[in-house]
Amino acid sequence: MASAIADFYKEKNVFVTGATGFLGKVLVEKLLRSCPEVEGIYLLIRPRGDQTAQERLDQIVKSKLFDKVRHEQPSFHRKLHAVSGDMCEPALGISQSDVDMLVSKIHILFHSAATVRFDDPLKPSMLLNVVGTQHVIALCHKLKHLQAFVHVSTAYANCDRSYIEEVIYPPPVQPQKLIDALEWMDDTMVTKLTPDLIGKRPNTYTFTKACAEYMLTQEAADLPLAIVRPSIIGASWREPLVGWCDNFNGPSGLFVAAGKGLLRTMRGEYNAYADIIPVDLPANLMIAVAWDMAVSRPENIPVYNSTSGGVNPFRWGEIEGMLVTYFKKYPLDKPFRRPNCAFVSNSFMYQYWQIVSHKGPAYLYDIWLRMIGQKPRVVKMYNKLERALQSMDFFTSHHWEWSHDNADALTAKMGEEDKKIFKFDCRGLHWPTYMENYVLGTKKYVLKEDMDQLPLAKAHLNKLRNIRWGFNTILIVLFWRVLIARTKIARNIWHLVVSLCFKFLQYLRISSTQGP
């Protein structure tokens with residue numbers, strides 16, 4: 001059966017922002033592999049350090065992510081074109097010659113570039129997520145052959161609501177007025193005003209993504225625009241590599257910390273939904289949305305929630321047990337401690353376990369490093385981990401529901417072949433299998449550890465277990481000896497236990513000698 005979506009992309013030119021990001025790379029790979037007759041893909045890439053945009057692109061295509069398309073289409077790299085630019089610069093920092101080329105060629109534009117750092121100050125977050133989007137809109141208005149403009153937002157842009165529909169909600173302040181005000185405000189003033197501006201939202205990221213959505217209704221309503229809102233993007237489910245991930249952002253960094261035995265406790269509600277969506281699903285959705293925009297030409301701006309909680313719920317408490325199980329089955333190389341992570345909802349108990357399981361061992365280990373002449377590093381590492389946990393606890397402690405009407409309607413429009421090739425529905429996802437593959441993915445692709453060394457990693461884990469048992473036994477014996485030495489009640493209990501054990505052994509000996 002033919003693919004209507006693949007046929008649509010035949011001889012089309014695509015422009016992608018955020019192509020060096022996690023979702024962007026998967027999107028590009030999927031376009032190349034499943035739409036093999038796409039004419040060209042132009043990627044906005046910011047030069048970094050001594051690396052040019054083209055050098056960064058060359059480095060990206062060497063990734064294992066592109067192994068499958070490399071095998072099927074050895075010359076695929078000829079379709080990829082690096083466009084040097086910067087989201088924060090006027091006109092995206094693109095040269096006039098490149099702008100002229102894009103204006104005459106581009107048919108579809110995917111805008112996924114954004115800062116995903118939750119703790120960014122308001123000014124830089126607004127600059128990249130909102131002003132940068134304005135620059136993209138300005139470029140779209142120039143494109144002569146634009147058929148679809150897909151903007152990637154986040155399912156948490158409106159996390160001040162418990163039920164989030166596929167509509168654009170107005171933010172508490174007009175985006176352009178805030179942009180104008182930020183130009184003359186100093187950093188101290190902005191810092192003081194930020195809590196009042198973001199309101200019930202937990203950070204500047206979700207606030208600025210909401211501002212960007214609303215600004216699109218004001219400045220891009222005449223464009224063939226659609227918005228895709230993924231939730232927490234995790235490792236790939238099915239393609240191109242099962243369990244693929246390549247960074248420490250989002251859940252991946254927390255999973256690695258748990259696997260290394262660093263993360264022992266985390267703030268969260270056991271029964272709250274962990275709305276993780278595998279990265280290949282929103283990538284497929286974006287490709288299908290662009291096709292539908294060009295074919296159906298809807299009058300309003302359609303919004304698509306790409307989430308899992310409402311259709312295939314998965315709870316943080318389930319993740320807790322799976323992480324411990326699978327990281328013991330596939331241990332990481334040289335973990336700090338044995339994996340043992342737990343979610344705690346009570347604030348007092350969370351602080352208690354932070355001291356007992358995180359800060360206490362960290363200070364002890366740094367003291368040991370000083371004694372052997374090494375530089376202390378564990379406390380600093382735990383402080384960094386603590387900041388990451390604080391940025392995540394809002395999402396692990398609350399629960400949301402999202403509507404999926406537009407996504408379901410899009411599925412209904414697709415042919416049977418396209419439903420298989422560009423699957424974006426997570427209803428068939430088996431979470432235990434996915435989490436096992438996710439754990440393997442962090443080991444193979446994020447940490448780049450050799451799977452042949454798995455027996456050594458298991459041996460090291462057993463060594464840590466024996467050390468823990470030995471240490472705990474010594475503590476119990478010492479504690480009990482102190483009690484016996486200092487309290488008469490403890491001595492009496494001890495003598496009672498010993499005498500009962502002695503009598504039980506005597507009974508067994510007499511019973512065995514009497515016979516039937």
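Biologist: Ground rules before we start?

Modeller: This is a predicted model, where local features need pLDDT of at least 70, side-chain atom pairs count only at pLDDT 80 or more, and totals for chains, interfaces and linings use all residues. Residues are numbered from 1 along each chain as its sequence is written, and side-chain values use heavy atoms, with hydrogens and water left out.

Biologist: OK, what is the strand order in the open sheet?

Modeller: The order is β3-β2-β1-β4-β5-β7-β11, 7 strands with parallel pairing. Strands here are DSSP runs of E, at least two residues, and helices are runs of H or I, at least four residues, both numbered from the N terminus. Two strands pair if DSSP finds at least two bridges between them.

Biologist: Which strands stand at the edges?

Modeller: β3 (80-84) and β11 (303-306); each has a single partner strand, so one side of each is left without a neighbour in the sheet. From one strand to the next, the twist averages 20 degrees.

Biologist: Which helix packs on the sheet and touches β1, β2 and β3?

Modeller: That's α5 (residues 96-105), which touches β1 (13-17), β2 (40-45) and β3. The direction of α5 makes about 135 degrees with that of β3. Contact means heavy atoms within 4.5 Å. For the angles, axes are lines fitted to C-alpha atoms, for helices over the stretch in contact, and the values run from 0 to 180 degrees between N-to-C directions.

Biologist: And over how many bridges do β5 and β7 pair?

Modeller: β5 (residues 148-152) and β7 (residues 225-230) pair over 4 bridges, in the parallel sense. V152 has V228 as its bridge partner in β7. β7 also pairs with β11 in the parallel sense over 4 bridges, and there R229 stands opposite N305 of β11.

Biologist: Which way do the β11 residues point?

Modeller: V303 and N305 point one way, Y304 and S306 the other way, and all are buried. Buried means under 20% relative accessible area, exposed over 50%, and partly exposed in between, with a 1.4 Å probe and protein chains only.

Biologist: Switching to the inside: which residues touch the most other members of the largest nonpolar core?

Modeller: Y9, I41, F110 and M435, out of 111 residues in that core. Helix α11 (residues 280-296) gives the most to this core, with 11 residues. A nonpolar core is a set of buried Ala, Val, Leu, Ile, Met, Phe, Trp, Tyr and Cys residues joined through side-chain atoms within 4.5 Å.

Biologist: What is Y9 in contact with?

Modeller: Leaving aside neighbours within four places in sequence, the contacts of Y9 include V14, L31, F110, M286, I287 and W291. Apart from that core lies another, of 43 residues, with M87, V103, I179 and A212 among them.

Biologist: Now the helix pairs. At what angle do α2 and α11 pack?

Modeller: α2 (residues 22-34) and α11 pack at about 55 degrees, with their axes 9 Å apart. That makes α2 oblique to α11; angles under 35 degrees count as roughly parallel, over 145 as roughly antiparallel, 65 to 115 as roughly perpendicular and the rest as oblique. The residues in the contact include L23, L27 and L31 of α2 and A283, M286 and I287 of α11.

Biologist: What about α10 and α12, how far apart are their axes?

Modeller: The axes of α10 (251-259) and α12 (residues 316-329) are 10 Å apart, at an angle of about 55 degrees. F255, A258 and G259 in α10 meet I319, L323 and F327 in α12.

Biologist: Is L92 buried or exposed?

Modeller: L92 is buried, at 1% relative accessibility, whereas A91 is partly exposed, with a relative accessible area of 47%.
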